[in-house]
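Please look over the two chains shown here before reading my notes. The points below take up the contact between them and then a few places within each chain.

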Amino acid sequence: MLLVSSDPIDAAAELRAFEAMALQAGGIVTFSGQVREAAASGQVTSLYLQAYSPMTENGIQAAITEANARWDLEQTRVVHRTGAMQPGETIVFVATAAKHRRAAFEAADFLMDYLKTEAVFWKKEDTETGSNWIEPRAADYSDANRWTKKEDA
Amino acid sequence: MTKILYFGRLSDLTGKTDETLTIPHDIESAGQLRTWLDERFETDGALLDPTVRIAIDSEIILDTASVHGADEIALMPPVGGG
């Protein structure tokens with residue numbers, strides 16, 4: 001289940017709703033990404049997320065399908081925010097539910113790596129010293145590559 | 001007419017997020033379109049950077065792909081959310 005929207009994300013409410021949908025699961029893993037308060041260039045005043053529909057949604061949906069092919073999952077949920085947001089607000093919420101915890105942990109990790117490096121979003125950080133478009137770091141790409149290596153091995 | 005979208009930092013370089021224009025007849029491929037736009041905006045090669053991918057009608061394509069008949073062309077710098 002996927003939602004890309006400019007509406008605020010309530011991670012606690014998302015978790016409660018997800019638990020109610022995943023009664024067959026023995027384990028649930030969730031990840032929330034939030035707007036950080038401080039960047040290298042100073043205090044963050046706002047973050048802006050741009051998407052390109054339907055390419056953004058189609059890509060995330062394909063990653064969810066891939067996660068379901070790799071792991072035995074009962075449920076998945078990805079909520080990603082777009083538009084302008086303030087420090088402390090939730091940008092992304094990912095939840096995975098499985099019979100056993102390992103599949104849920106790994107699938108959530110996999111989905112977040114996809115979202116950080118391949119999902120069709122552009123991110124601009126406004127700080128007290130100016131605006132910067134933020135692109136993935138080398139560490140984000142090497143994190144994402146772990147899943148390709150595993151498949152090739 | 002074709003709608004051209006400039007995503008992420010490219011909108012700062014071109015001064016616009018999108019525009020609708022008629023692509024000149026002598027431009028056939030996505031690569032030629034890049035070169036033409038880069039000269040037009042005087043972006044000094046920024047639009048030629050291979051990390052900037054091009055999508056035609058929501059499909060990522062190679063520079064050799066034809067732009068003929070495209071409704072929407074997106075210039076996409078490296079992506080990433082989260």
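**Notes on the two-chain model**

1. Chain A and chain B bury about 1700 Å² between them, 57% of it on carbon and sulfur atoms. Buried area is the accessible area (1.4 Å probe) that two parts lose on being put together, summed over both. The size of an interface is often given in this way, as the accessible area lost when the parts come together.

2. A word on the basis. This is a predicted model: local features need pLDDT of at least 70, side-chain atom pairs count only at pLDDT 80 or more, and totals for chains, interfaces and linings use all residues. Residues are numbered from 1 along each chain as its sequence is written, chains are lettered from A and ligands numbered from 1 in the order in which they are written, and side-chain values use heavy atoms, with hydrogens and water left out.

3. Who takes part? Chain A gives 23 residues to the contact and chain B gives 19 residues. Contact means heavy atoms within 4.5 Å.

4. The rule finds one salt bridge across the interface. The side chains of A:Glu135 and B:Arg9 form a salt bridge, at 2.7 Å from N to O. The term needs a side-chain nitrogen of Lys or Arg within 4 Å of a carboxyl oxygen of Asp or Glu.

5. On the side of chain A that touches chain B, strand E4 (42-51), strand E7 (90-98), helix H3 (101-117) and strand E8 (121-127) each give two or more residues. H3(A) has the largest share, four residues. Helices (H or I, at least four residues) and strands (E, at least two) are DSSP runs, numbered from the N terminus.

6. Buried residues of H3(A) include A:Ala103, A:Phe110 and A:Tyr114. Buried means under 20% relative accessible area, exposed over 50%, and partly exposed in between (1.4 Å probe, protein chains only).

7. Now B:Arg34, which lies in helix H2 (residues 30-41) of chain B. Is B:Arg34 buried or exposed? B:Arg34 is buried, because its relative accessible area is 5%. Leaving aside neighbours within four places in sequence, its contacts include B:Asp49 and B:Asp63.

8. A:Ala39 sits in strand E3 (residues 38-39) of chain A. A:Ala39 counts as buried because its relative accessible area is 18%. Not counting residues up to four places away in sequence, A:Ala39 touches A:Val44, A:Glu125 and A:Thr127. A:Ala39 and A:Asp126 are 87 residues apart in sequence and 9.3 Å apart in space, C-alpha to C-alpha.
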